[in-house]
Number of protein chains: 4
Amino acid sequence: MAIDQVAAERLIGQFERIRSLSEKLASKLQNEDTIIQAMPDVSPPKWHLAHTTWFFERFILKEKNPSYVPFNPKFDYLFNSYYETIGSYHPRHSRGVLSRPSMDEVYAYRDHINTEILSLLKNYEDQLPKEVEDLIEIGLQHEQQHQELLLTDVKYNFSCNPLLPSYTESSSSTDHTNSEQKSQVTEIKIEGGLVEIGFTGAGFSFDNERPRHKVWLNAYEISSHPVTNGEYLSFIEAGGYEQPEHWLSDGWATVKKEKWKHPLYWRKSEDGWYTFTLTGEKKLNLDEPVCHVSFYEADAFARWSGKRLPTEAEWEHAMSSLPIEGNFVEEESFHPMVGELYSKSPIKKAFGDVWEWTSSPYTSYPQSKPLEGALGEYNAKFMCNQIVLRGGSCATSKWHIRPTYRNFFQADKRWQFSGIRLAGDLT
Amino acid sequence: MAIDQVAAERLIGQFERIRSLSEKLASKLQNEDTIIQAMPDVSPPKWHLAHTTWFFERFILKEKNPSYVPFNPKFDYLFNSYYETIGSYHPRHSRGVLSRPSMDEVYAYRDHINTEILSLLKNYEDQLPKEVEDLIEIGLQHEQQHQELLLTDVKYNFSCNPLLPSYTESSSSTDHTNSEQKSQVTEIKIEGGLVEIGFTGAGFSFDNERPRHKVWLNAYEISSHPVTNGEYLSFIEAGGYEQPEHWLSDGWATVKKEKWKHPLYWRKSEDGWYTFTLTGEKKLNLDEPVCHVSFYEADAFARWSGKRLPTEAEWEHAMSSLPIEGNFVEEESFHPMVGELYSKSPIKKAFGDVWEWTSSPYTSYPQSKPLEGALGEYNAKFMCNQIVLRGGSCATSKWHIRPTYRNFFQADKRWQFSGIRLAGDLT
Amino acid sequence: MAIDQVAAERLIGQFERIRSLSEKLASKLQNEDTIIQAMPDVSPPKWHLAHTTWFFERFILKEKNPSYVPFNPKFDYLFNSYYETIGSYHPRHSRGVLSRPSMDEVYAYRDHINTEILSLLKNYEDQLPKEVEDLIEIGLQHEQQHQELLLTDVKYNFSCNPLLPSYTESSSSTDHTNSEQKSQVTEIKIEGGLVEIGFTGAGFSFDNERPRHKVWLNAYEISSHPVTNGEYLSFIEAGGYEQPEHWLSDGWATVKKEKWKHPLYWRKSEDGWYTFTLTGEKKLNLDEPVCHVSFYEADAFARWSGKRLPTEAEWEHAMSSLPIEGNFVEEESFHPMVGELYSKSPIKKAFGDVWEWTSSPYTSYPQSKPLEGALGEYNAKFMCNQIVLRGGSCATSKWHIRPTYRNFFQADKRWQFSGIRLAGDLT
Amino acid sequence: MAIDQVAAERLIGQFERIRSLSEKLASKLQNEDTIIQAMPDVSPPKWHLAHTTWFFERFILKEKNPSYVPFNPKFDYLFNSYYETIGSYHPRHSRGVLSRPSMDEVYAYRDHINTEILSLLKNYEDQLPKEVEDLIEIGLQHEQQHQELLLTDVKYNFSCNPLLPSYTESSSSTDHTNSEQKSQVTEIKIEGGLVEIGFTGAGFSFDNERPRHKVWLNAYEISSHPVTNGEYLSFIEAGGYEQPEHWLSDGWATVKKEKWKHPLYWRKSEDGWYTFTLTGEKKLNLDEPVCHVSFYEADAFARWSGKRLPTEAEWEHAMSSLPIEGNFVEEESFHPMVGELYSKSPIKKAFGDVWEWTSSPYTSYPQSKPLEGALGEYNAKFMCNQIVLRGGSCATSKWHIRPTYRNFFQADKRWQFSGIRLAGDLT
Ligand SMILES: [Fe+3]
Ligand SMILES: [Fe+3]
Ligand SMILES: [Fe+3]
Ligand SMILES: [Fe+3]
């Protein structure tokens, strides 16, 4: 099976747009910034730039052309992230020691692979095999994921520097604080029943979103808005971080061990609360969606509120017909906003702003099949001890998210733009 | 609401039987054995004896009688396991330093509380409040859980002693190895649809088993037997522990970190495989159910087999009509057996022998409610990063298990009598 | 070379006295107490009883009689402490899991080896080889060292139990608090020059005390008394634990990491300071020598005082002519005392009460030779990262100590009866 | 007291030469290289450049001029290394997260401080206070120490990168391999007696080298040459790393824990041994001095050889009259060499090539006085758990070393250019 000329050109356009966005995002950094790794969960920006490139080289150029000569044979070891079945790799927690290849070399690597992929695409002309198209598509989706990680990782890295560097200047055009009304939160009632979730139809989806399948849902309600900083601050001020009754056992242990008193990046000063953002530290805006909370905090907040988190099926069922609109990376705010950009639905901010923790552990869908070969490691092997998040964030590309999209992190992670939407039972 | 005389007498009988079983199980130990804690997951036998007693004292005697004078006021600190909302407690990992109270004192404590509870029961006569009955019932169920833990913990403790002590003598009357045929494994096909799981009706159940609720199941198959040592050995010999493709990411990391090569308690000798049991080390019987595997190993074995683990809903749906028969602690084999004791069903060994790992993370059932007060901490706060096991084991009491019963442990735990039953999709 | 009848009988007497003291010390414990190990530095009392016995079996019975049949062949693995050159051994930090052999078995082991050694001694009659005598002597000195460790280890173990058990009743006859005057501290001036230290002459000494050798000492002064609790409390109250300028870099890091605020076993209550002792917790007596301080604390206290710790050569030179008198284990006070028992010297409490930290790292003396064979591992291999202490303590046997005796621990250890004597330069 | 014009000009010249050498050494790096910290013991090159600058700012500009406005007030926190008494500081192990200030900013900082110091020097003219001169001198000595660390740290950082980058090109003019004869090792006999060690006289010395004082030395011998790679390889091939009898207890534990099989940077390939150097990986030259061994390895090698390490007094007494000649950083070999450059003495390579481990723990000299104020923290507080090394290395400046110079590291450190010279007793 092959794809036609128009599709090929669309793919070439996508390839160029997405690949160049990575470089645009990195261009705001100094060379020294591109190599740091302030904790094992984050990767140095340079590593993201090289790894996403290696992904195309390894899974397309090398797989499809047995005589392909690698750009540098050691890059398989350096830039393989976690694909066990194709060979050993540099330990994740040591990516920060790789000052070489230099940024110049990484850009040369990117250029080289871009040329090779584009020449592949152009050479196939009207007969590009579906399988190659799929691989390029997954390579681009993969690069979009790493673009979000690059931003979250830079934010974390910079937050560890007492100089509190800014990734970029605040863009006033993206500040919606004053032009928007604080919205009234309402609870949307949803009927439930035997519904279906999961991806079906045309377009890209990851293997973990498939197949579409039946799920029974009791009637439930879901909040119109994500929880705000102000609402979360009430929890803090009510002693939420000192009261074990709201917390999961592992969550409470983490609170005590890590001495958590508030979300990541918050700081209490004499004149009130501040939060660190990609545009520097700023006064905490109480009307913005709360962000950089762990699942443990989201779950404790919900229990303290007399509510609960939605399951991922409830979330998807509620959001499945909403348009993909919101505060995405394309807005270049790099931070959750007050107010909505477009939404006319009663449910606000379903997409963009903050990833929303669900109550669902990340597991495989019934009868799901991972991809063949090493790419089967892309998602399936992480289906243990992680929690699903939905909806994308201010660091996600608008072109990357779907109602069926499943993100996932461990319950104690906070460096992603992760927030809270409440749900409840109806009886 | 109150319970009548017959019920009260039944409860007294149960109380006496269950309480004395703990002492019978402990009586096979020397005093020195009762204090060791070879890893943080296990508790010293003496601690189990005292903690289960404290449970009656704290949640019944103290709650129901404000003027109750505690046996020893420091026992609240020493023998509270994890109830955060009623006060601080001795750190779990340090239970092995508590040489005092001595065994003599702990037995005096048990006698004292037994007398108090029985006098409470006898004094109420025909008007025992339902609430007190429920608390005594949960106290007895709790004690049964700790009886199983006492055995698994002694087994672990003894396995760390190069002298490999036996907990008890092997009872030949419980050796079914030679008298039973090796059974033929078959795959039982089950139709699925919109089914119900969860406890309903009379009798005791834990809050985590309720409410009964609808679940959609695709048609599936489930194995007639748990996986045997022989089948598991094929996985080992095929290189299963060296091949990352079968493993979850966290599982593979654990295999490498812990240098796992086989289930816990197995040892390869020049003349073949041995396994450590509560009756000492013995030759590995290939026809016995495999035991002391982690969820990671169960999952990897299933994937290697081209199968999968059942979800807990599939497991419960398949087993819900089977009689509660099997190799329980009452058999005093203290080890999984070859062959069945009674079952006429095509599904064998659903109960007893080994706990069966499901693929389901431990989460709350829709619209479930934890118990009121501190006992709400009993189950609900552990619903994160744990996996459900079903069916009970050779260390479980026959009178403790139900088809709806949910056990749960972290994915890397192996010291319980945990085994594997396979399932698969039908298309 | 052989020893004569009288010497043999003296050795038999010593053997019986020292061996039975171990059992007397252990007799105050319950069986459960004999197996606990509350931190890796301590050993369970039962392990001490067995290890000291194994020492005689392994280094005498087995070495001297090739046909000797061991009491239990696994004891070589279980009760070898650290002799790498004779085989592998049970990991030190896991001694607390060894509930077996039971105390009954360990006593049977002791009896068996006692009988064997005594029969060996009696059989040699007037021709006991010097080499065997030396080995028995070292075995007895070794047992005396473990008698002290048994007491310090029980104290530590009990201190971790919130019930704060007493090892023994306080013996009023050994309480010198009221009968003695608080002594006046003076500084004793000592001339120095080219002096000699190290053991020479008859009687037992360890290899680390030899050979006697020349050392140049500048004139110095040394305090007449060890530092008292009251003096140390002034350091605490002056903020000593919050001021980095007094501390070695490693010491300050330890203070912060361990959150040290006072010596081990001290507790501040509303009505003043308490300290835990082998006879239970009691009010801190300000006139007693301070005890259970690390080298870091001793060194910081000295610097804060405008003084310094003595070198081991200064200590030995000052004390070499004093009689071996003091508060030893034979007093059964099990705690440092106020006042002196006998001393007529201007230097008080040189021996007994508390081990005194010197400023000297533990290194080998010039031209020293470790013992031949595995016993060469007894002392020499520990000559790195340890500090010398001198003088013995209230848990040391009077018959064990000498002016040349070198004890040694890491700079952060506090569970020994370790205290402080100040010194200073004279110009 | 003040210094005269000539001295001031000499100091200005020194200042310019030493400060610019740091920049010359750093100029071989790419910006990305300047920020990595591959283990807590090393610091990023950029940090060295900034910290040495801060040293002048903090201890001279700020101390001497109360109205001095700091270049950046946060640099006190960022670039204070360990001076507890002047304020808190960025944790050592996190220096690798400081991508900012950028290299450009650090160079601006250096220029600014250089200008300030030179202007200070020039303004004083013929009346520069001795105290300021001393502070500048110590600042320059400090910078020289960090120049050596910069090289050792870059070497370590690069060794962790699978690309094995070279710091610089190998300079053939510094390769003495072929032009020199392999030297004959002899044992130099030295008489000992009551000798003196420690610095006295004119010129700079650190407080830890003073005061000169008497030490008694027995007659001893010391090797004419440091131990070579070939000699060390014999130890490896004889099983030295598998035989506990040669090792200190802590050393053996380290060998097992770290799985040491050879010196740091060695690698065994099919065609023999390689070693990583600042000019890339190269074939191991058996005639070069062995390098990058820990004290544990040096001590074990010496014991295996039937010798011992010299004490620092023995070393200093033997070397005190030798000229300061050798393979220093000025040679730009950045690696120990075969053969001597100049020495006519029977003792070869006393200075340069490799630091030589002594057997002496690092302690204060009798009656020594640390510097006043915060600079008292420079040396004295590290006098615990460290071992003295003598003689300088190929990464030390010729103008920095003295016979009385005391370097010190923990016994397990290997990333310095540390080697071995043997000694022995004479009887
Ligand atoms: Fe990736
Ligand atoms: Fe419990
Ligand atoms: Fe010993
Ligand atoms: Fe420095």
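Contact here means heavy atoms within 4.5 Å. By that rule no contact joins chain A and chain C, whose closest C-alpha atoms lie 14 Å apart. The model is predicted: local features need pLDDT of at least 70, side-chain atom pairs count only at pLDDT 80 or more, and totals for chains, interfaces and linings use all residues. Residues are numbered from 1 along each chain as its sequence is written, chains are lettered from A and ligands numbered from 1 in the order in which they are written, and side-chain values use heavy atoms, with hydrogens and water left out.

Select chains B and D next. No contact joins this pair either, and their closest C-alpha atoms lie 14 Å apart.

**The interface of chains C and D**

Now show chain C with chain D. Here 32 residues of chain C are in contact with 32 residues of chain D. The two chains bury about 2500 Å² between them, 58% of it on carbon and sulfur atoms. Buried area is the accessible area (1.4 Å probe) that two parts lose on being put together, summed over both. On chain C, pick Trp216(C), Gln367(C) and Asn385(C): these lose the most area to chain D, together 23% of what that side buries.

Next, select Lys256(C) and Glu84(D). Their side chains meet in a salt bridge at 3.8 Å, N to O. The rule (a side-chain nitrogen of Lys or Arg within 4 Å of a carboxyl oxygen of Asp or Glu) finds two salt bridges across this interface.

Elements giving two or more residues to the side that touches chain D are β5 (213–217), α7 (249–258) and α8 (295–304) of chain C. The largest share, four residues, comes from α7(C).

**The iron site in chain D**

Move to ligand 4, an iron ion. Which atoms coordinate the iron ion? They are the NE2 atoms of His51(D), His142(D) and His146(D), at 2.2 Å. Donors are N, O and S atoms within 2.8 Å of the metal (3.2 Å for Na, K and Ca); water is not among the atoms, so sites may look incomplete. Along the chain the donors follow the spacing H-x90-H-x3-H.

Finally, select helix α5 (residues 130–159) of chain D. His142(D) and His146(D) both lie in this helix, four residues apart, about one turn. His142(D) counts as buried at 4% relative accessibility, and His146(D) is buried with a relative accessible area of 11%. Buried means under 20% relative accessible area, exposed over 50%, and partly exposed in between (1.4 Å probe, protein chains only).
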